[in-house]
Amino acid sequence: MEDKMYSYKYPHPSVTTDCVIFGFDGTKLQVLLVERGIEPYKGHWAFPGGFIKMEESCEEGALRELKEETGLKGAYIEQFHTFSDPNRDPRERVITVAFYALVRIQDVKGGDDAARAAWFALDAVPQLAFDHDRILREALKRLRERIHFEPIGFELLPEKFTLKQLQNLYEAILDVRFDRSNFAKKMLHFNILKQLDETVWPTPKREAYLYSFNEESYNELKQKGFRLEF
């Protein structure tokens, strides 16, 4: 008797991917959510994701779902956890492989495979579908750990930014407040910033230099890792 493809002797769970996409609006850390258009949890907000196809890796499936649901293409995503509670999905036994990414908010144009996609500040995230509240907590924990060992900002800030904007980003991620002069001294020490011959006026009384990332030094530190203590 000829064996049939995907005919299994033992039960097999389904596998999905979910993507926690972080952005920054200049003041607050944001997370990208999609409104579910089908049951279960129709009308609820959730992370972009879905079932992987038989010919896909988890990463390929995650990138496809991101493109279909949010219009985001070519994002660098990083796997951070697998969620396997037997009761996490009311439809069937589903294991999800979770990824996260840091992107510029303006790079997300909108997709056509969800009711709608929108950015939410972390302090305004609604109750999420499935176990996505837990997924968000784990993703944020990983991001806060990572910020001490890799420079973060290139993916979230505009090409030109002030030191105050960079400080706002780190404060938003870590939920702390830094002394302005100490933060600037610390970040300039790593030689990942280039001061530009351009200024802006954040307030009518204060002029601020614009900076850009020294991409070569930034990527070198990102590969080697660094220890950032405040």
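Reader: How many of the 12 residues of helix H3 are buried?

Author: A residue is buried under 20% relative accessible area, exposed over 50% and partly exposed in between, with a 1.4 Å probe and protein chains only. In H3, 10 of the 12 residues are buried, and the helix is mostly covered. Among them are Leu163, Leu166, Asn168, Glu171 and Leu174. This is a predicted model, in which local features need pLDDT of at least 70 and side-chain atom pairs count only at pLDDT 80 or more, while totals for chains, interfaces and linings use all residues. Residues are numbered from 1 along each chain as its sequence is written, and side-chain values use heavy atoms, with hydrogens and water left out.

Reader: What covers the buried residues of H3?

Author: Helices (H or I, at least four residues) and strands (E, at least two) are DSSP runs, numbered from the N terminus. Contact means heavy atoms within 4.5 Å. The cover of the buried residues in H3 includes strands E1, E2 (29–35), E8 (193–203) and E9 (206–213), together with helices H2 (132–146) and H4.

Reader: At what angle do H3 and H4 pack?

Author: Two packed helices are described by the angle between their axes and the distance between the axes. Axes are lines fitted to C-alpha atoms, for helices over the stretch in contact, and angles run from 0 to 180 degrees between N-to-C directions. Angles under 35 degrees count as roughly parallel, over 145 as roughly antiparallel, 65 to 115 as roughly perpendicular and the rest as oblique. Here H3 (residues 163–174) and H4 (residues 180–189) pack at about 95 degrees, and their axes are 10 Å apart. The two helices are therefore roughly perpendicular to each other.

Reader: Which residues in H3 meet H4?

Author: Leu163, Leu166, Gln167 and Tyr170 of H3 meet Arg180, Phe183, Ala184 and Met187 of H4. These residues comprise six nonpolar, one polar and one charged. In this scheme Ala, Val, Leu, Ile, Met, Phe, Trp, Tyr, Cys and Pro count as nonpolar, Asp, Glu, Lys and Arg as charged, and the others, Gly among them, as polar.

Reader: Where does aspartate 175 lie?

Author: Aspartate 175 belongs to the loop between H3 and H4. Its phi is positive, about 60 degrees, although the residue is not a glycine. At 60% relative accessibility, aspartate 175 is exposed. Phenylalanine 130 also has a positive phi, near 55 degrees, but it is buried, with a relative accessible area of 15%. Phenylalanine 130 is located in the loop between strand E7 (116–121) and H2.

Reader: With which side chain does serine 14 make a polar contact?

Author: A polar contact is a pair of N or O atoms within 3.5 Å; within protein, one must be able to donate a hydrogen and the other to accept it, and residues adjacent in sequence count only if both atoms are side-chain atoms. The side chain of serine 14, in strand E1 (residues 14–24), makes such a contact of 2.7 Å with the side chain of glutamate 92. Serine 14 is buried, at 18% relative accessible area. In strand E2, glutamine 30 is buried at 9%, and its side chain has a polar contact of 2.9 Å with that of aspartate 25.
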